[in-house]
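This note sets out some points for a colleague who is reading the structure alongside the sequence.

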Amino acid sequence: MGTSADDATAEFHAFFERHHAELARLAHLLTGEADAADDLAADALLALWHRWDRVRAAQHPAAYARGVVANLARSRVRSAVRERRRVALFWSQRSEHTEGPDVAAVVDVRDALRRLPFRKRACVVLRHAFDLSERETALTLGVSVGTVKSQTSKAMAQLQQLLGTRDAASELVGGRN
């Protein structure tokens, strides 16, 4: 013989199965975000589960659920608007002239790094981009300090060939001179 808790669980499960798709569709239409729709529907259903005794006693539980989705969607839209305002305010206060990275050079370096075997690439990235010592790099990779030294040296030579000059390779890989 089932208990009241089992009955409530079964009722909620049936409600979930019957209304989840509808609630997700509502969330999608309210926010315009397909990716967020399932999350909002799930959040709404979780909130409904926590108040299931009140929801199941309501005259129109589906309408109650749609109201919860609408409130969550409204909060999400308001939050997005506030975030856009903060970003716009931040960008409006920045000077128009900024020195950005040389995008073409960054792409070239990334391409050159991809062409290196993994261990050489890992040594260069850990040593130059993450500024780890030879010892820290060796510990990270589980190799000897000598291996780090030789792999880094060989990798830098290979990058030098791929990118052109020694200064360009060392500067672009990690900003060290």
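1. How much accessible surface does the chain have, and what percentage of it belongs to carbon and sulfur atoms? In this predicted model, the accessible surface comes to about 12,000 Å², and carbon and sulfur atoms account for 52% of that area.

2. The chain contains nine helices and zero strands. Followed along the sequence, the elements read α-α-α-α-α-α-α-α-α.

3. Of the 177 residues in the chain, 27% are buried. As for contacts between residues at least 6 apart in sequence, 60% of them join residues that are at least 24 apart.

4. Residue T137 belongs to helix α7, which covers residues 134-141. Is T137 buried or exposed? Its relative accessible area is 0%, and the cut-off for a buried residue is under 20%, so T137 counts as buried.

5. Which residues does T137 contact, once its neighbours within four places in sequence are left aside? The partners of T137 are C123, L126, R127, L132 and V148. One of these, V148, is also among the α8 residues that take part in the meeting of α7 with α8.

6. The packing of α7 against α8 deserves a separate point. Two packed helices are described by the angle between their axes and the distance between the axes. Helix α8 spans residues 145-163, and α7 packs with α8 at an angle of about 105 degrees, the axes being 8 Å apart. The angle lies within the range of 65 to 115 degrees, and α7 is therefore roughly perpendicular to α8.

7. On the α7 side, the residues that meet α8 are E134, R135, T137 and A138; on the α8 side, they are V145, V148 and K149. Sorted by class, this contact has three nonpolar, one polar and three charged residues.

8. Residue Y64 lies in helix α4, which runs over residues 61-93.

9. What does Y64 contact when its neighbours within four places in sequence are set aside? Y64 is in contact with L48, R51, R54 and V55. Y64 and L48 are 16 residues apart along the chain, and a separation of 8.8 Å lies between their C-alpha atoms.

Notes:
Residues numbered from 1 in each chain as written. Predicted model: local features only at pLDDT ≥ 70, side-chain atom pairs only at ≥ 80, totals over all residues. Heavy atoms only, no water. Helix = DSSP H or I, 4+ residues; strand = E, 2+ residues; numbered from the N terminus. Buried < 20%, exposed > 50% of the residue type's maximum accessible area, 1.4 Å probe, protein only. Contact = heavy atoms within 4.5 Å. Areas by Shrake-Rupley, 256 points an atom, 1.4 Å probe, with all protein chains shown as cover. Axes fitted to C-alpha atoms, helices over the stretch in contact; angles between N-to-C directions. Parallel < 35°, antiparallel > 145°, perpendicular 65-115°, else oblique. Nonpolar A, V, L, I, M, F, W, Y, C, P; charged D, E, K, R; others polar.
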